[in-house]
Amino acid sequence: MRENVAGKMSGTDMIIREAKLDDVHSIAELDKLCFSMPWSEVSFLKEISENNIALYLVAEIAGQIVGYAGMWLIIDEGHITNVAVHPNFRRRHIGEAIVSVLLAEAQAEGITRQTLEVRVSNFAAQRLYEKFGFQACGIRKGYYEDNHEDAIIMWRENE
Ligand SMILES: CC(C)(COP(=O)(O)OP(=O)(O)OC[C@H]1O[C@@H](n2cnc3c(N)ncnc32)[C@H](O)[C@@H]1OP(=O)(O)O)[C@@H](O)C(=O)NCCC(=O)NCCS
């Protein structure tokens, strides 16, 4: 189990650790709060229990899962699937902390570059990824099924 205490928040320790099966319900509930097309609980269950190339981390404060992020580790490429922080806990650098640990863990497992898709309207996420050196490299037209919004494809190379 990967675990590291990433910081103090209002006097409370935040733990970032690998997601486990017990977390699936909380992650799915969090996803519903954060995305217009949330993944199902079954999807997360499969990701965490069956998908050998998936790495999922959660951020936990006082026993509550306040954020999570996932990546598929494909040979030397990391594909970030999702990053989400509970609306009540945003702008406290929790997203940044999870992504930082995710990138470090992936690098330790031999990942040298990472990619993701993000909605063109999602400036918050784009700014977050840019902080880690992700750069926009292309567009997937109409990628999102709900409103046919385009996705920006971002890539990052390890330093
Ligand atoms: C994107 C998301 C994960 C950011 O989480 P967060 O914990 O609030 O972000 P952080 O506090 O770690 O912010 C890190 C950096 O991201 C950028 N950022 C985050 N939220 C932002 C916002 N609302 N507006 C502008 N920049 C923002 C800033 O550069 C920030 O650094 P700064 O505080 O030093 O300026 C969160 O807004 C979220 O869950 N959104 C809904 C789900 C989603 O869109 N996920 C991404 C899918 S691709």
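1. The side chain of Asp 150 reaches the backbone nitrogen of Gly 142 at 2.8 Å. Asp 150 belongs to the loop between β7 (135–140) and β8 (151–157); strands (E, at least two residues) and helices (H or I, at least four) are DSSP runs numbered from the N terminus. With the side chain of Lys 141, that of Asp 150 forms a polar contact of 3.2 Å. A polar contact is a pair of N or O atoms within 3.5 Å; within protein, one must be able to donate a hydrogen and the other to accept it, and residues adjacent in sequence count only if both atoms are side-chain atoms.

2. The model is predicted: local features need pLDDT of at least 70, side-chain atom pairs count only at pLDDT 80 or more, and totals for chains, interfaces and linings use all residues. Residues are numbered from 1 along each chain as its sequence is written, and side-chain values use heavy atoms, with hydrogens and water left out.

3. Glu 77 is placed in strand β5. Its side chain is joined to that of Arg 113 by a polar contact of 2.9 Å. Leaving aside neighbours within four places in sequence, Glu 77 is in contact with Trp 72, Ile 111, Arg 113 and Trp 155.

4. Around the ligand there are 21 residues, of which Val 83, His 93, Gly 95, Asn 122 and Lys 131 come nearest; a residue is near a molecule if one of its heavy atoms lies within 4 Å of it. The shell divides into eleven nonpolar, three polar and seven charged residues, where Ala, Val, Leu, Ile, Met, Phe, Trp, Tyr, Cys and Pro count as nonpolar, Asp, Glu, Lys and Arg as charged, and the others, Gly among them, as polar. Helix α4 gives the most to this shell, with six residues.

5. From Arg 90, a polar side-chain atom lies 3.4 Å from an oxygen atom of the ligand. The protein covers 78% of the 920 Å² of accessible area that the ligand has on its own, by the Shrake-Rupley method with a 1.4 Å probe.

Note on methods. Contact = heavy atoms within 4.5 Å.
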